[in-house]
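Here's a walk through one protein fold, with the chain and its coordinates set out below.

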Amino acid sequence: MDSYPQGQINVPLFSICLTTLNDRDDLLRQTLASILSQTFEDFEVVIGNNNPERPLSSGMLGIDDARIRIINHPQNLGQLGNLSRLLELGRGRYITFIADDDLYAPDFLAAMHEGLKRFDFPPCIFTSYHLHYGSSQPVLSKQFSGQATLYSGADFLRSYLMEQIKAIGSMGMFEIEYLKRTEGIEDVS
């Protein structure tokens, strides 16, 4: 399943690029369930499978949703290569990346959409949603208070580096054309 069904022409607001490599189908199913249970539904999911020896299919994952595309790479592209390929394939106005062992709170996309509208659709947006691991099960919580602040890139980076802002990449949405113009994803590890 490498493309949308014939005739589907709607472009989603969000492209959620989901990376997977290992034989962690149960975690991948949980991640997909957290995405598919979003209260805001204008999105697509592009799964980049980086394990050429274990192709994925929608039947294998027990999913039947036209918003999900599975890309089985013919060779392992590495994490950066997988992310870059998914950036090329995303069709939404905004794009984000998530791994197969991460989860979204049910109103994560709704909060992103509200923030984007509030600030006239800036090139990127971050939230303070977090996933907390307890003794046996991960617990989703949000620290979104409805408060929002618009930062310049320099102010955001300065506040982040001074630990005044808590943010990680999977909590951000980036305007896809903006990200492509800035030459995409860099290895910052």
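Let's begin with Arg 93, which sits in the loop between helix 3 and strand 4. Keep in mind that this is a predicted model. With a relative accessible area of 38%, Arg 93 is partly exposed. Leaving aside neighbours within four places in sequence, Arg 93 is in contact with Pro 12, Leu 13, Phe 121, Phe 174, Glu 175 and Ile 176. Take Ile 176 from that list: 83 residues separate Arg 93 and Ile 176 along the chain, yet their C-alpha atoms are separated by 5.7 Å.

Is Glu 175 buried or exposed? Its relative accessibility is 18%, so Glu 175 counts as buried, because the cut-off for that label is under 20%.

Six of them make an open sheet in the order 3-2-1-4-8-5, with mixed pairing. Strand 3 (68–72) and strand 5 (124–126) stand at the edges; each has a single partner strand, so one side of each is left without a neighbour in the sheet. From one strand to the next, the twist averages 20 degrees.

Here are some of the pairings, with a bridge partner pair for each.

| Strand pair | Sense and bridges | Bridge pair |
|---|---|---|
| Strand 1 (residues 14–20) and strand 2 (residues 43–49) | parallel, seven bridges | Thr 19 and Gly 48 |
| Strand 1 (residues 14–20) and strand 4 (residues 94–99) | parallel, six bridges | Ser 15 and Ile 95 |

Which residues of helix 4 are buried? They are Phe 108, Leu 109, Ala 111, Met 112, His 113, Gly 115 and Leu 116. Just after helix 4, Asp 120 takes a positive phi of about 60 degrees.

**Cores**

The largest nonpolar core has 25 residues, and Phe 14, Leu 32, Val 45 and Ile 47 touch the most other members. At least two residues of this core come from each of strand 1, helix 1 (25–36), strand 2, strand 3, strand 4 and helix 4. Helix 4 gives the largest share, four residues.

Phe 14 has quite a list of contacts, not counting residues up to four places away in sequence: Phe 40, Asp 42, Phe 43, Glu 44, Gly 92, Tyr 94, Leu 109, Met 112, His 113, Leu 116 and Met 173. There's also a second, separate core of 13 residues, and Leu 83, Phe 97, Leu 179 and Ile 185 are among them.

**Aromatics and cysteines**

How many aromatic pairs does a search of the whole structure find? Three. One of them is Tyr 104 with Phe 108, a stacked pair at 4.2 Å centre to centre and 20 degrees between the planes. Both partners are out of the way of solvent by the accessibility count: Tyr 104 is buried at a relative accessible area of 2%, and Phe 108 is buried at 1%.

Finally, the cysteines. The structure holds zero disulfides. Cys 17 counts as buried at 0% relative accessibility, whereas Cys 124 counts as partly exposed at 35%.

Definitions and conventions. Residues numbered from 1 in each chain as written. Predicted model: local features only at pLDDT ≥ 70, side-chain atom pairs only at ≥ 80, totals over all residues. Heavy atoms only, no water. Buried < 20%, exposed > 50% of the residue type's maximum accessible area, 1.4 Å probe, protein only. Pairing = 2+ DSSP bridges. Disulfide = S-S within 2.5 Å. Phe/Tyr/Trp six-rings, centres within 6.5 Å; stacked < 30°, edge-to-face > 60°. Axes fitted to C-alpha atoms, helices over the stretch in contact; angles between N-to-C directions. Core = buried A, V, L, I, M, F, W, Y, C linked by side-chain atoms within 4.5 Å. Contact = heavy atoms within 4.5 Å.
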